[in-house]
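Me: I'm new to this one and would like a close look at a single part. Could you walk me through its salt bridges?

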Amino acid sequence: MMSALRAALTERTPLWGGWITGPTVLGPEEFARAGYDYVGFDAQHSYLDDAAIAQLLRYVEHLPIATAVRLPNADPAPIGRVLDAGADAVIIAMIETAEQAAAAVSAARYPPGGVRSFGPLRPALGRDLTALESRADVFAMIETAGALDEVKQICAVPGLAGVYVGPADLAVSMGVDVTQATTHPDLREAMTRIQQAASAAGVIAAAHGGSGAGGRTLAGLGYQMITLAAESQALRCGALEHLNEARGRH
C-alpha cells in the first residue's frame, strides 16, 4: 500500500504543504482546494495533541491531500496513534543522532523490526502489517547544530524516509537571528549541506519554508517537500489582501 504522500512524490517535486496548529477542519479543506499537496498537523508547537490530531485525520481522509504529523519526540504511543488514524507520515522533532532517528523508525514498525503496537483505528486501512508499515513514512527533523554535524549518519538510518529541516530552531542553535532563518548565508550553507546529505543517501529532503518566497528558495536548493504556511498565516495574508483591496490599496 502506498501512502498519498509517497504517491505524490513519485509524480512530481517539489510538493507544497500547509500547516495546521489549531482544531479546525476548514484549514485542511482550504489547503486542498488551493492545490496544496500535503498538510502537516503540529503536535509540538500548537493547540493540538496527538489524540486530537487522530480525530482530525478521520475528518480529512476523503480529501485529495496527503497528511503528516509533527511530534515532539519518538515516543512510540503517539506515533502509533496517528499512524493508526491514517497519517501518511510522522515528522519527529529535535533528532540529533542516528540512534534517535532509528528509535523513531522503530516506533513506526511492528515487531520484530520495531516496537509499534497493532491497533487498527481505521478499518479501511486493512490489517496487513506489511502494507501498514509501507505507508508509514518517518522524517527526522534536523534543527540543531548537533544534528547538522550528524546529518550524514542520520540520513543513513535504515527505513528513514527523509529529513525535515526546521530553519528557525536551526538558526537559534547556530546563533543566527531567527528572523533571518531562510536568508542568512550560514543558514543557506547549512540547508544546502542537509539537502546534499539527503540526496546522497537517497532520502527525501523536506523543510519549513515559512512563506512562498522561502519555499521558492528551498526549491532552488533541491528540496522535494516544502511547507509554505500555517492556517493562521494563510488566513492573515488572505484577510489583508481583502482589506487592502477594499481600501483601494492595490
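To start me off, is Asp 50 buried or exposed?

Reply: Asp 50 is buried, with a relative accessible area of 13%. Keep in mind that we're looking at a predicted model. Asp 50 has a salt-bridge partner, Arg 81, and their side chains meet at 2.5 Å, N to O. Asp 50 sits in helix 3 (residues 50-59) and Arg 81 in helix 4 (residues 76-84), so this pair ties together parts that are 31 residues apart in sequence. Arg 81 itself is partly exposed, at 33% relative accessible area.

Now for a pair within one helix. Glu 30 and Arg 33 form a salt bridge too, with their closest N and O atoms 3.6 Å apart. Both belong to helix 2 (residues 26-34), and because they are three residues apart there, about one helical turn separates them. Glu 30 counts as partly exposed at 41% relative accessibility, while Arg 33, at 69%, counts as exposed.

Next, take a look at Arg 193 and Asp 149, whose side chains meet in a salt bridge at 4.0 Å, N to O. This one links distant parts of the chain: Arg 193 is in helix 10 (residues 185-201) and Asp 149 in helix 7 (residues 145-149), 44 residues apart. Arg 193 is partly exposed at 32% relative accessible area, whereas Asp 149 is exposed at 53%. There's also a network: Glu 11, Arg 12 and Asp 37 are joined by salt bridges that share partners. Across the whole structure, a search finds eleven salt bridges.

Terms used: Residues numbered from 1 in each chain as written. Predicted model: local features only at pLDDT ≥ 70, side-chain atom pairs only at ≥ 80, totals over all residues. Heavy atoms only, no water. Helix = DSSP H or I, 4+ residues; strand = E, 2+ residues; numbered from the N terminus. Buried < 20%, exposed > 50% of the residue type's maximum accessible area, 1.4 Å probe, protein only.
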